[in-house]
Amino acid sequence: MTNKYMYFVANWKMFGNLKTLNSLNKVVTFIKKFKKNKFRLIYCPPMTLLYPLAKKFKLSPIDVGGQNCHENENYGAYTGQVNPKMLRDTGAKYVILGHSENRQLGENDSLINKKIKSALKSGLKIIFCIGETFKQKKDKKTKKILMSQLSNGLKNIKSKKNILIAYEPVWAIGSGIIPKKGELVETIQLIKKKVKGSKVLYGGSVNSKNIEYLKKISNVDGFLIGGSSQVSNNLIDIIKKTFN
Ligand code: PGA
């Protein structure tokens, strides 16, 4: 049972269509009734669903966020890209940046840093993802990698108050494997020491079963949930169990 203010971020990745949104009526009803504790729920659907989802959640406290954006905050000739201003225009309040699936496609720390700055300027809140690969963990480089992702990604950003950090070990994403409690507490502590006053979420294979274990991580401020966030009942279960 936790009494802390918690964040739940649903990362739908490249899943979902207009029909899927009907399944979220359940979540809206649940949130209305579940007044037990303080928490924030943020849905990050694909770009195509941002506007309809923001409209759907208009009268509820649920927020909407993008999964990435271009580094240029202005309009421009960038075919296929969406800038942070455009995200704001859909009703989005957040954006996930630095996700390992985008790092794997070639995004480096310097590009992520530009994106964070530009999204902050446009008034978005950031969910900034960091995490080590399995090889880096095996080579005992976790601390070094995380510290450099934080230093470079947050370079020249004075106020971090609109940035949530999501620690997502790459090897835990979609694998069903989660870090050991001690390891996780220690890593979150390291991150909080490096970025004073930061809120740190955990992401990677969070589900309605292992949440009983993960909620006991004393210094975690919430969860970034991929696969399990696509089924409304699973997400509702995760939230309920966190506070039970
Ligand atoms: P997962 O994804 O919960 O499916 O492991 C988490 C993420 O990639 O954000």
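How close do the axes of helix H1 and helix H10 come, and at what angle do they cross? This is a predicted model, in which local features need pLDDT of at least 70, side-chain atom pairs count only at pLDDT 80 or more, and totals for chains, interfaces and linings use all residues. Residues are numbered from 1 along each chain as its sequence is written, and side-chain values use heavy atoms, without hydrogens and water.

**View A. Helices H1 and H10.** The axes (lines fitted to C-alpha atoms over the stretch in contact) of H1 (residues 25-33) and H10 (residues 232-243) come within 9 Å and cross at roughly 20°. H1 is therefore roughly parallel to H10 (angles under 35 degrees). Helices are DSSP runs (H or I, at least four residues), numbered from the N terminus.

View B. A polar contact is a pair of N or O atoms within 3.5 Å. Ligand oxygen atoms lie 2.7 Å from a side-chain N or O atom of Lys-13, 3.3 Å from one of Asn-11 and 2.9 Å from a backbone N or O atom of Gly-227.

How values were computed. Polar contact = N/O pair within 3.5 Å; in protein donor to acceptor, adjacent residues only side chain to side chain. Axes fitted to C-alpha atoms, helices over the stretch in contact; angles between N-to-C directions. Helix = DSSP H or I, 4+ residues; strand = E, 2+ residues; numbered from the N terminus. Parallel < 35°, antiparallel > 145°, perpendicular 65-115°, else oblique.
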